Amino acid sequence: MLRGARQLITLQGPEGPRRGAALNELGIIRDGALLLQGGKVLEMGPSRRLENLTAARGAREIDAAGRVVLPGFVDGRTQPLIAQARPGSAGNAAPDAQSPRPIAELSALPSGRLQARAQTVLARMARHGTTTASAVTIPALDRSAALKTLRIFGGADGKPLSVIPTLYLAPFARGDVPADAPADAESEIGSLCNEWLPVIAHRNLARFVEVDCDAFELPAARRYLESARNLGLGLRVRAGTFTAAVRLALERDAASVILDDVPANEIVALAGSGTAALLAPLARRAKSHALARALIDGGVAIALASGFGLEHGSTYNMQMVIALACSEMGMSPAEAISAATINGAYALGCGDRCGSLQPGKRADLIMLNVEDYREVAHQFGVNHVHMVVKNGAIVYQEGEVASCSGR
């Protein structure tokens, strides 16, 4: 039993993602406690009440006194296979996953080394509080490399994060078109929809397909999404500059849409749908502040993602993402936390299993070294995580710093 939390943020509420004013309703229990059993939340409430429950007798106790406890973060979009910046590289900046060097490395390295790399990055994400993440293939990979990447993501699931493999659907990479394949676009569409996507679905290699609407003509994008949906794959649409992308996402019941901008009339349509808007504060687009506020005030369900390894995303620390969502997008700390937990879970199709702390859901939670959740939004780049619990088991705990006798 976890007890004594200064603030236990449960995010308990009605089924479905939070919208509008509901984003600020965190379901805080002061001096809160959680009773865990079988990897799930059995009960939550004030410490004094839970201590007197029969089920709490003999339970192992975790002291959360003076700390904030909340659901583990859900990162809606990341790429955990990119190489780390090497010493001496220009500015030591994180490499863009779509640049030639990472793409060549992913194609050439053996699966074992890539698996180890992925699990290293995912473990670091866990130490920063992420317990569920959507891992996306690199757009420019050829088909064989994309299949290898999806297998690696699947093998990393549960070690320790829940990993949701996502295929970034793009046209044939240069040099990947079979020698006897017709060069026309229609043949390529047929190959993707009739040959490749069924392989992905039947082998259970991906849970979602992400379609970049800037990469395809409207009929092709529509056909890809329809084919993926018919195969039981979840859908994500990246709008970019494509003005019809939101309508396309709504037509095909996409779980989420990645937005750079959106007309007012489409905000109304999004608000009345089950499609979430996925935002990455690290992108720092010029219109991000106005866009986020317009979406929230318009009643759209929004979720946050780090975008690590994709489009110049340079951190997997969702605490930093929350801080930037507040400073760059005008979100309140409560709105940002909701978008990084419960709404992130619904955007990945797992809101019935994680994203909030309530009976029957997975015991995925984090304990922070702060006395008030709002501190996270005001301390950039700090890792406040003291403990991470995944499926009821402690997978990370902050260690002591050893003293040094020398000078």
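**Figure 1. The largest nonpolar core of the predicted model.** This core has 100 residues, a nonpolar core being a set of buried Ala, Val, Leu, Ile, Met, Phe, Trp, Tyr and Cys residues joined through side-chain atoms within 4.5 Å. Buried means under 20% relative accessible area, exposed over 50%, and partly exposed in between (1.4 Å probe, protein chains only). L167, L259, L295, I302 and L304 have the most contacts inside the core. Helix α10, residues 318–329, gives the most to this core, with 8 residues. Helices (H or I, at least four residues) and strands (E, at least two) are DSSP runs, numbered from the N terminus. Another core, of 16 residues, lies apart from the largest one and includes V41, V69, A363 and M367. In soluble globular proteins, nonpolar side chains tend to be buried together.

The model is predicted: local features need pLDDT of at least 70 and side-chain atom pairs count only at pLDDT 80 or more, while totals for chains, interfaces and linings use all residues. Residues are numbered from 1 along each chain as its sequence is written, and side-chain values use heavy atoms, with hydrogens and water left out.

Figure 2. Helix α3 comprises the 17 residues 111–127. Its expected span, 1.5 Å times one less than its number of residues, is 24 Å, which agrees with the 24 Å between its end C-alpha atoms. Within α3, the residues L114, Q115, A118, V121, L122, M125 and A126 are buried. They cover an arc of only 145 degrees around the axis, and therefore lie on the same side of α3; the arc is that of the directions from the helix axis to the C-beta atoms. An α-helix has 3.6 residues a turn, so residues three or four places apart point the same way. The exposed residues G112 and R113 are on the face turned away from the buried side of α3. Just after α3, G129 takes a positive phi of about 105 degrees.

**Figure 3. Two aromatic pairs.** Rings of Phe, Tyr and Trp (its six-membered ring) pair if their centres lie within 6.5 Å; planes under 30 degrees apart count as stacked, over 60 as edge-to-face and the rest as tilted. By this rule there are 2 aromatic pairs. In the edge-to-face pair of F216 and Y224, the centres are 4.5 Å apart and the planes stand at 70 degrees. Both F216 and Y224 are buried. The ring centres of F308 and Y316 are 5.0 Å apart with 70 degrees between the planes, so this pair is edge-to-face. F308 and Y316 are both buried.
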